[in-house]
Amino acid sequence: MAKSFLKDVLLGFSSLCDRAAGQNSDKKAGQSAAPLKLLLAVSGGADSMAMLSAFLELKSDINAEIFVLTVNHNIRPEKETLGDAQFVLDFCKDKCPCILAEIPKNTVFDEAKNRKTGIEDAARFLRYNEFEKAADSLNADYILTAHNKNDNYETVLMRLFQGSEPEALMGISPRRGRFIRPMLNISRSEIEEYLKEKNIPWREDATNLETSYLRNKVRHNLLPALTVCFDGWQRGLDKSLAKIRAQNDFIITSYKAKKETWVLDKKEECCRCKFLFFLSLEEALKLKFLQEGLILLKGKRRIPYSVFDDLMKLSDTKKIIFSGGFCIKKEGDEVFLFKAVTEEKTSEVFYSIWIDKPCTFDTPAGTFKAVKNEDGFFIVHKSDKTCGIGPFKPPFCVRSRLFGDEIETSSGSKKSVKKIINEWNIDYENRNILPIIEEGGVVKAIYGAVFGKKNWYVLGT
């Protein structure tokens, strides 16, 4: 098993590396090849420990120097998160240099507030910043992460049910710049078999078992159900993904063959093109064209398809369209695409308060208390005579609503927070300050009682 695993890792790495194993294109006659500098991202979990162990064995074969970076995000209990970091440092002792990157406490929460995203997204953003900084300081050729085949399936299924575009359904990219993922064709079971055979320890992150995270729901609930209902579903999905990849490649090739492109006007902060050209595009190419335009405007990469569907309807009779914080309009013989508030013009008010201990805090919706009891934390508005809403597990966030927010219904399906607000007939000036409670990157509750409505709480949190 160990030899097969090492062979697969070597094959995965060599297929992604610009320089063939043990060779140096810059090597002069009579000189030995300069070794590759590889920075491995290691958390202490099974995947990254298997990757580290494999590359320590392979470093002579591929002529490489191995460096390790482990990141302490300081978002889990101190004993647990410091334990993971120390575990990696101890394992690397006398084997390879190991760098510990400390993200100061509350930095992830502050970043989530600034980016208006969940904790996981903010942690990933900061973690990858640390990877880049360490790679620059070491002058590393590549940064290696331990994503595996199971991670890829989970990502594809999440994106599929979120309505992602074909390009996103191609899964995790094996390589992005100097980031390389050499284990994407290796399953989690193969990884654990290798570790057990080599008697290599690893750490388990307790949050990996919490089904409040979407990825964990897919991992622990959806994938086992698929295995029971559709034996061999992975092979079928692989075939579908290959077809999607072929079609996407065709769309990209066809798009690149077009002579017309967006013109970015930095002064006006918009993109423009000829209207007749835009109108002539087939739907698939029009979608791709709009995606490229929004990327130029530095819009979110993951934008709901409904936004693109709206923007694509620009015509001689429908000359201006607002959707998802963007606007497209026809002026003369040109099309203009730019960031804009929608016709509903939302309030600029945004707030986000992270709770990890009992406290009193103020929001635009009023003063609240975070009260702790044996079940967890409850949030209580100053005018609320009940026990409030909860329980929640810290750290969690009380914030204003964000575009695309959804919450679970009693039937287990998802419902748009915007739709709930419309059904509640909440006044315009209050709808953007309505308290939303987010736990683990998932909307768990809406505090409707502050405006005379029922609280919405997801049971079983």
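Trainee: Is strand β11 (residues 334-339) largely enclosed by the rest of the structure or left open, and how many of its six residues are buried?

Mentor: Keep in mind that this is a predicted model. A residue counts as buried when its relative accessible area is under 20%. By that cut-off β11 is largely enclosed by the rest of the structure, because the buried count among its six residues is five.

Trainee: Which strands does β11 run antiparallel to?

Mentor: Strand β8 (residues 270-274) is joined to β11 by five bridges, and the two run antiparallel. Strand β10 (residues 326-331) is joined to β11 by six bridges, also antiparallel. That gives us β8 and β10.

Trainee: Which residues of β11 stand opposite arginine 272 and phenylalanine 326?

Mentor: Take arginine 272 to begin with: opposite this residue, in β11, stands phenylalanine 336. For phenylalanine 326, the bridge partner in β11 is lysine 339.

Trainee: What phi does glycine 332 take in the hairpin of β10 and β11?

Mentor: That hairpin has two residues between the strands. Glycine 332 takes a positive phi there, near 65 degrees.

Trainee: Which non-glycine residues have a positive phi of about 55 degrees?

Mentor: Asparagine 63 has one, although it is not a glycine, and its place is in the loop between α2 (46-62) and β2 (64-72). Another turns up in the loop between α7 (188-198) and α8 (214-229). These two are asparagine 63 and asparagine 199.

Trainee: Is asparagine 199 buried or exposed, and what is its relative accessible area?

Mentor: The cut-off for exposed is over 50% relative accessible area. Asparagine 199 is exposed because its value passes that mark, at 69%.

Trainee: And asparagine 148, buried or exposed?

Mentor: Asparagine 148 sits in the loop between β4 and α6 (149-161). Its relative accessible area is 0%. With under 20% as the cut-off, asparagine 148 is buried.

Trainee: Which residues is asparagine 148 in contact with, leaving aside its neighbours within four places in sequence?

Mentor: Contact here means heavy atoms within 4.5 Å. On that basis, and with those sequence neighbours left out, the list for asparagine 148 is Asp47, Met183, Leu184, Ile186, Arg188 and Ile191.

Trainee: Which strands stand at the edges of the five-strand antiparallel sheet?

Mentor: The order in that open sheet is β12-β17-β20-β21-β22. Each edge strand has a single partner, so one side of each is left without a neighbour in the sheet. The edge strands are β12 (352-355) and β22 (456-457).

Trainee: Which residue of β17 stands opposite isoleucine 355?

Mentor: β12 and strand β17 (residues 396-399) pair in the antiparallel sense over four bridges. Opposite isoleucine 355 you find phenylalanine 396.

Trainee: Zooming out, why is the protein chain called as compact as a globular protein of 461 residues?

Mentor: The chain has 14 helices and 22 strands. For 461 residues the globule rule gives 23 Å, and the chain is as compact as a globular protein of that length because its radius of gyration is close to that, at 25 Å.

Trainee: How far apart do the centres of the positive and negative side chains lie?

Mentor: The protein chain has 71 positive and 64 negative side chains. The centres of these two sets lie apart by 2 Å.

Technical notes. Residues are numbered from 1 along each chain as its sequence is written. This is a predicted model: local features need pLDDT of at least 70, side-chain atom pairs count only at pLDDT 80 or more; totals for chains, interfaces and linings use all residues. Side-chain values use heavy atoms; hydrogens and water are left out. The radius of gyration is taken over C-alpha atoms; the globule rule is 2.2 Å times the number of residues to the power 0.38. Lys and Arg count as positive and Asp and Glu as negative; His and the chain ends are not counted. The place of a charge is taken as NZ of Lys, CZ of Arg, CG of Asp or CD of Glu. Two strands pair if DSSP finds at least two bridges between them. Buried means under 20% relative accessible area, exposed over 50%, partly exposed in between (1.4 Å probe, protein chains only).
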